[in-house]
Structure formats: C-alpha cells, structure tokens
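Hello,

Here is the structure I promised to pass on. Please open it alongside this message; my notes follow below.

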Amino acid sequence: MRRVLLVVNPASRRGGALAERARRAIGRAGATCDVVMTERAGHAAELAAACAPHADVVLTLGGDGTAMEVVGALAGQGLPVGVLAGGTGNQVVRALGIPLRVERAVAALLGGVERAIDLGRLASGRHFALAVGVGPDVAMIAETSAAAKRRFGTAAYAVSAVRAITRLERFDARVTVDGQVIERSVTAIMLANLPGVENGRVTFGPGIRPDDGLLDLCLYDWRSVGDALRTFWRAGTGGIAGDPSSTFYRGTAISVETSPLRDAEADGELIGSVPLRATVVPLAARLLVPRGSATT
C-alpha cells in the first residue's frame, strides 16, 4: 500500500474545496493519505521537504505555483510528484495531459507512470517545468482580475489574451544562449522545457523534449495580428518549424535582457522583470503522468 502525501493550497481557486474529494479518491485507489495545508507563499516547499521522507508519492492540489514549489523542493530526490488541478490556469496539468477532474486525475496518476524530466532553474532558485515567458502571456496573466478568475475560471483569460496579442507590443531583446549573443526586436519570448500546452497539442517550437538536458529558446516577431494567428495555427498543426515569424535556439544556459524592461512569468506565475538567467537541471524531477500522456 502506497503512502501519499497530499499538499493542498486552500487559498487557490479550488484547492480547499477539492481536498476531501482528492483524499477519498486516493483511498479508493488503495493508498493511505496524509493531508497537509499550506498557509503562506513558500510553505508548500517547506511541507514537502519535511513530510516527503515519510511518503512514497506526493500529490499537489492548488495552482501552478504550489506544484512548482513542491517539485522544486524535491528536485533530485527521486520521489514521484503528481499535480492535481486546483488553480485557475493549471498550465502544468494541461501540459502533462492530466485530467482536470480531481477523481479522474488521482486514478490516472496513481495508475500512471513515472517520468524523469529536466527542470529549468532561475537565478533566484525558482524552478520551472513548462516555460518562462516574456510578452503577451505576461499581460494576459497580469490583466485578469482575481474576481474574474473565481467566476469564470480559465475562460477569464480569454479577453485579456486577445487584448494582449492585438496590441503587438514589440521590444528589443538581447539573449545569450551558451555564450552566443542574439539581438533583435521581438513580440514574445519563450524559454521552454516541455513541448507545449494541452498535452503537447500546441507546441512552442520544433523538437522540444523535456529530457534532453537542454532548454529551448523561442523568439516570436509578430508584425501583424495575421502573423500571430499564423504562428498559433502552425503551433497546433505541426508546422511551427517553418513559421517565418519564429526563430529557435537550444542551450543549457540562457539569459534574457530587454529594452524597455519587460515582466516575465514562469509556469503561469508572474516572477517580476527581466533580466533573467535560466539554466537546465537535467532529469531533476520525477513526475507522475497518465499513461498515454505526450511526455510518456
């Protein structure tokens, strides 16, 4: 019988409300469960570090921030972590193909497979599994109110996303990939670790793998709304490699500077302004993913 540590963020959009349903689902899967509740930012990492030695599996129930606190705290320890959707965006859950409904997710994860993946690590010590972004994604997150997220969930981001993309705010970027300096004007930057969102159905760039010991730098230069729509179409239909508005690089260490200064996000959480530096930590995380996930 496996021992599951369930780390719940009750302040997330649905974490507190779903905790009991998750606990019962874990019991139905034949595992024992210890539930711990976070009380502040950074607490999930502390709880995971303190309680994980007594568990066989750790599940998180909250937003992407809660998930990455736990994944970062347990990086390199070999303990499998599964992510349950309890926030609004749930980008990590969506990227890994984990069901959004908590009962289905528990069954899929505890009956799934373990996958070792790389992590990105920022100079601040923060880890990311999906990507770091600079551009319209930041505006989408920043301009969506908490009230709208509580009321409409993921759909609340739609209006902010359309508004951010149609503004086409270009900026000058100076990026360094393993010592190679690239300078150009862009509309968006993505430092990707996982292939994309929606279980890999929408890709950030070509050939991105979460276990190759590399981060992928994706530069997008949209000069019209039509350019942006074409990139999104290609991203969802397998043709992103040939997109004329996109350029791609790979490396183990990537730094980003912009003029004027721009804010950034990591796995759907705002992290402040650039400059930023990210390095890859090969195979640092051991994640539970459903059988048939794009990462298996």
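This is a predicted model. I start with the sheet. Six strands make up an open sheet, and they run in the order β14-β13-β10-β7-β16-β17. The pairing is antiparallel. The edges are β14 (246–251) and β17 (269–273). Each has a single partner strand, so one side of each is left without a neighbour in the sheet. On average, neighbouring strands here are turned by 20° against each other, direction ignored.

Strand β10 (residues 188–192) pairs with strand β13 (residues 215–220) in the antiparallel sense, over five bridges. As background, strands of a sheet pair through backbone hydrogen bonds, either parallel or antiparallel.

Now the overall picture. The chain has nine helices and 18 strands. Its radius of gyration is 19 Å, close to the 19 Å that the globule rule gives for 296 residues, so the chain is as compact as a globular protein of that length. Along the principal axes, the C-alpha atoms fill a box of roughly 55 × 40 × 35 Å.

Next, a helix pair. Helix α1 (residues 15–28) and helix α5 (residues 102–110) have axes that come within 9 Å. They cross at roughly 40°. The crossing of α1 and α5 is right-handed. From α1, the contact uses Leu18, Arg21, Ala22, Ala25, Ile26 and Arg28. From α5, it uses Val102, Glu103, Val106 and Leu110. By type, the contact residues of α1 and α5 are seven nonpolar, no polar and three charged.

Last, some backbone details. Most residues other than glycine have a negative phi, and most peptide bonds are trans. Where does this chain have a cis peptide bond? One joins Ser259 and Pro260, with omega about -5°. Pro260 is in the loop between β15 (253–259) and β16 (263–266). The peptide bond from Val274 to Pro275 is also cis, with omega near 10°. Pro275 sits in the loop between β17 and β18 (276–289).

Asp178 has a phi near 50°, a positive value in a residue other than glycine. Look for Asp178 in the loop between β8 (171–177) and β9 (180–186).

Best wishes

Definitions and conventions
Residues are numbered from 1 along each chain as its sequence is written. This is a predicted model: local features need pLDDT of at least 70, side-chain atom pairs count only at pLDDT 80 or more; totals for chains, interfaces and linings use all residues. Side-chain values use heavy atoms; hydrogens and water are left out. Two strands pair if DSSP finds at least two bridges between them. Helices (H or I, at least four residues) and strands (E, at least two) are DSSP runs, numbered from the N terminus. Axes are lines fitted to C-alpha atoms, for helices over the stretch in contact, and angles run from 0 to 180 degrees between N-to-C directions. A crossing is left-handed if the near helix is turned anticlockwise from the far one by less than a right angle, and right-handed if clockwise. Contact means heavy atoms within 4.5 Å. Ala, Val, Leu, Ile, Met, Phe, Trp, Tyr, Cys and Pro count as nonpolar, Asp, Glu, Lys and Arg as charged, and the others, Gly among them, as polar. The radius of gyration is taken over C-alpha atoms; the globule rule is 2.2 Å times the number of residues to the power 0.38.
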